[in-house]
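Open the model in your viewer and keep the selection tool at hand.

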Amino acid sequence: MVTLAVDAMGGDHAPREIVRGAAAALQGRQDLELLLVGRREQVEQALEGIDYPAERLKLIHADEVIQGDDHPALAIRRKKRSSLVTALRLVREGEADAILSAGNTGALMAGALLVLGRLPGVTRPALLAVIPGFGEKPFVLVDAGANMDARSGHLLQYAFMGRIYARKLLNRPAPKVALLNVGAETNKGNRQLKKAFPLLQEYLDGFCGNVEGTDLFSGAADVVVCDGFVGNILLKTVEGLGRAVFGRFARELAGELSSPAGSSPVEPALARLRNQVEGAGYGGAPLVGVKGLCIKCHGSSQARSIEQAVLHQAYPFVRLKLEDLFLEDLREMSGCLEEKELPELS
């Protein structure tokens with residue numbers, strides 16, 4: 001049985017959309033159990049009218065909520081009875097295999113570090129997003145928003161963790177890793193990128209140099225590395241542009257290609273495209289580099305995205321023992337980085 005702790009109070013549409021998406025996921029897996037963590041009365045109200053296997057869903061009361069504008073570290077320390085901290089404790093104490101939250105990203109990061117701790121050899125955990133390639137294979141983006149400022153040594157660690165994920169989860173035996181930059185030339189970029197380039201070149205097999213945003217969807221790299229500020233803007237821009245293009249395309253086709261039955265012959269293709277561009281096929285991003293499995297969903301997640309995050313991220317990651325896979329390959333990273341003291345890893 002896979003047991004997931006779901007932060008029912010985190011996100012713009014909590015608890016209703018979080019609860020409904022989580023409950024829907026129970027229908028897709030018979031060996032899945034959910035612990036919905038939040039204010040009992042509100043969670044129970046969100047469950048009204050939903051058909052779900054009650055024997056595999058348990059409510060864990062937590063009377064405090066960490067809001068989106070709360071200071072992350074202070075909120076974790078002061079709101080110890082919050083849904084997020086309670087869910088993290090369930091993972092630490094072995095009552096849950098993973099936590100899923102659409103709440104405050106900084107608070108999830110701070111809470112994971114304080115409650116769960118880092119994996120050996122990792123200085124800064126990062127959010128890892130898998131982005132569809134639209135004709136090419138999907139690629140890994142790391143960091144997608146955990147750390148707004150990253151030093152050159154941190155970017156090297158992100159590259160290692162992204163490469164591990166691409167190998168183990170995307171079946172890329174020899175993944176190509178690139179730095180996201182404003183140009184492909186070696187002298188391009190800000191100070192940290194210029195410092196990071198020779199580090200990746202020296203320590204990372206598979207480093208293929210800089211990649212520009214225009215080449216991300218052409219298969220130029222399997223793993224794209226950047227700080228969380230740039231990564232989060234990129235991720236949301238891709239999603240927003242995709243939704244806008246899809247919406248306009250659907251409207252243009254609505255009056256042109258309708259069949260006598262009132263449906264478009266390209267609707268199945270549009271539905272598949274929508275799933276890609278809205279990120280609903282993945283739903284969330286794992287926070288890599290911490291003990292235990294944490295999945296961060298978008299703050300604006302609706303029920304479908306939560307359902308997909310449970311079924312296509314949290315559930316298979318537990319089954320694949322993602323943390324053990326990372327521990328195995330992080331030994332390689334630690335061995336490489338111990339050869340000399342890297343700059344700016346504090």
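Start at the largest cavity, with a volume of about 80 Å³. A cavity is a set of points on a 1 Å grid over the protein atoms alone where a 1.4 Å probe fits but cannot get out, and lining residues have an atom within 4 Å of a point. Volume is the space filled by probe spheres set on the points, which are joined across faces, edges and corners.

The model is predicted: local features need pLDDT of at least 70, side-chain atom pairs count only at pLDDT 80 or more, and totals for chains, interfaces and linings use all residues. Residues are numbered from 1 along each chain as its sequence is written, and side-chain values use heavy atoms, without hydrogens and water.

Select the lining, including Leu119, Pro286, Glu323 and Phe326. β10 (284–288) and α11 (322–337) each supply at least two of its residues. Helices (H or I, at least four residues) and strands (E, at least two) are DSSP runs, numbered from the N terminus.

Next, select Asp7, Met9, Gly10, Ile66, Ser83, Leu84, Gly103 and Asn104. They line the second largest cavity, which holds about 40 Å³ of space.

Finish at helix α1 (residues 16–26). Eight of its eleven residues are buried, meaning under 20% relative accessible area (1.4 Å probe, protein chains only). Among them are Ile18, Val19 and Leu26. Now show what covers these buried residues: β1 (2–7), β2 (32–38), α2 (40–47), β3 (57–61) and α10 (303–319) are included.

Terms used
Buried means under 20% relative accessible area, exposed over 50%, partly exposed in between (1.4 Å probe, protein chains only). Contact means heavy atoms within 4.5 Å. On a 1 Å grid over the protein atoms alone, a cavity is a set of points where a 1.4 Å probe fits but cannot get out, and a pocket is an open set with protein on both sides within 12 Å along at least five of seven lines; lining residues have an atom within 4 Å of a point.
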